[in-house]
Amino acid sequence: MAITINNFSQLLEEVAKELDISPTKYKLAVSRYESVGAWLNDGEYENFDGQINIYPQGSFRLGTVVRPIREQSEKDYDIDLVCEFEEQASATQAGIVKHRVGNRLKEHITYKEMLDEEGRRCWTLLYSEQDGAGFHLDVLPSSGFSAVNYSPISITHKENENYSWASSNPKGYAAWFEERNADAYRLVALDQKRMISNSFSDIYAKVDDVPDQLIRTPLQRAIQLMKRHRDMRFNGNQKYAPISMIMTTLAAHLYDNETNVYDALTNIVNKLSAHMGLLENKVIVDERLSARGLIKRLPDGTWYIGNPTNPKENFADRWHEEGDARAKAFFQWVEWLKQDFLAVTQRDRDSIRFTLEACLGKSVIGKVWSKCVPSPAVHEPTKVNISRPAKPWRSGE
Amino acid sequence: MNKLIHEQIQAVLDSHPNLWLVQNGSDILLSGSLHFSASVEGKETITANYDVKISVPYSYPRDLPKVFPSGYSLDKRFEHTNPDGSFCLAVPIEERELFELEPSLLGFINNLIVPFLYGYSYFLKYGEHPFGEREHGNKGILDFYLDTFKSRDARTVLTSLHNFAVHGYRAHEKCPCGSGKKVLKCHQTELKSLLKNKELLMADLAKFITR
């Protein structure tokens, strides 16, 4: 029995909602990181008495959060926070900035207990929540001082015992993403705010109380699904799995304001798939797509996917290594996306269900399936006991 | 339609109420959805519902039905469909053997189609075949005979089978598996079952043995 595109798109939307952070949890996360920000701002720091800005970056900021899953079990949300000291990086040192944050967090009785070991770039606070869906707050110490909006900031980087500066532009990237997302956002924002205010009137009494960060366009939904699909399909072979930054950037470039998540995925995945020939150094047939140069193969065999806010940064700088292992994994993943998400009308309902269980997670499909796919009135299933199964074969070579 | 087949169809309709009979001249088609809950020892029970068309040839039961997905095609990653789009349930002689366990249309559904669809569902969920799979074409056929006698020695299995096929079953001959034992004390059951379908056996052997 087939499934309609409408039902399927609705199903994907519901799945993405399940993977997303709930409005209640969102509000909790914001109040948690604001407290961290206040605590850091109240600190006394040697040679620094300026302002400290705390703001989210990455998927939490972009509205593309998905709940991580490992070995079939749902894990805590990752929330990335920038902790930006308003000063020139050249006026201080990476190690000093990193430890300002670490030491200040250790002065707090509770944070001290929650603090994980020092990371390469972050300090991580582990919040375990009563409902089991906790989060990791990754605090990224940095220095930034510029009169120009959306300038890069300097983040600290620890290699062995040495600290150095690296450049990053989380606000610039977020602004670029929001721009790509802006038209679709305008179309869906009011309706979604109404619905959220309706369902969560205890925390957002008025429509205007609902923060913009809770709105999700088909682009954001598509990215969430792609991320979960990657996590599931690469389970156990994480090393070459496509990174979120690449899929987010390419999806945002390719999104054409489709009005539902199925159409958005279809467009994005088909255009990604059109780049597959690059693996064999073939040209991209679609000239307009080729001219955009979103994924490039250079004459020396290396690959290029630029950071839209800093073309010098190449997200695919390691794609040529080990016989193009990451490039191959990327296009394999695109092929899986095609088979798992597209061409639904040519597939059977139950085969869609089982495929989605495999690529999005059994429990989440179990939760939303019956809501979105009307079950045909059928009799009880006929019980069959399989005792001597044959092995399937195929005639011809 | 003769009475025997009519009774067999009725048994199918009683057991699988979502299938119905479409009759067009001498062709018999069972169409609709196969809604089953299949259990296998040591594996999970899978409940699923697939739309199928089961085409029963005029020459049934000499020839066995073909089964087609109805209104969709199987996932390409699951490679076991025939060029005409029908399910490739098993190599022909194995299909015949399993059919003869319960030689009726209902038996065909429960012993061949449902296990196939169980395997397909399992494959979609976990990316692997719960019962294994055969290679395509002749390799898969050879593999079936080797499997049957739990041997890797194709030459011995095939020449010995050929002798049995030509001269008939003789209990004191050596077993095709290469154990050196008399077949009477070895793979007697397996061999006898193969010899029941001598035509299919000979046709298979002709693919490997040049005269």
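How far is the sulfur of A:C122 from the closest cysteine sulfur? In this predicted model, local features need pLDDT of at least 70 and side-chain atom pairs count only at pLDDT 80 or more, whereas totals for chains, interfaces and linings use all residues. Residues are numbered from 1 along each chain as its sequence is written, chains are lettered from A in the order in which they are written, and side-chain values use heavy atoms, with hydrogens and water left out.

The sulfur of A:C122 lies 11 Å from that of A:C83, its closest cysteine sulfur, which is too far for a bond. For B:C177 the closest cysteine sulfur, in B:C175, is 3.6 Å away and likewise too far for a bond. Over all chains there are zero disulfides (pairs of cysteine sulfur atoms within 2.5 Å).

Aromatic pairs, in which ring centres of Phe, Tyr or Trp (its six-membered ring) lie within 6.5 Å, are classed as stacked when the planes are under 30 degrees apart, edge-to-face over 60 and tilted for the rest; a search of the whole structure finds 25 of them over all chains. The rings of A:W303 and A:F331 form a tilted pair, with centres 6.3 Å apart and planes at 45 degrees. In chain B, B:F78 and B:Y120 pair edge-to-face, at 4.9 Å centre to centre and 70 degrees between the planes. Ring pairs also link B:F78 and B:Y120 into a cluster with B:Y50, B:F87, B:F116 and B:F123.

The charged end of A:R104 sits over the ring of A:W39, 3.6 Å from its centre, where such a placement requires NZ of Lys or CZ of Arg within 6 Å of the ring centre and within 35 degrees of the ring normal.
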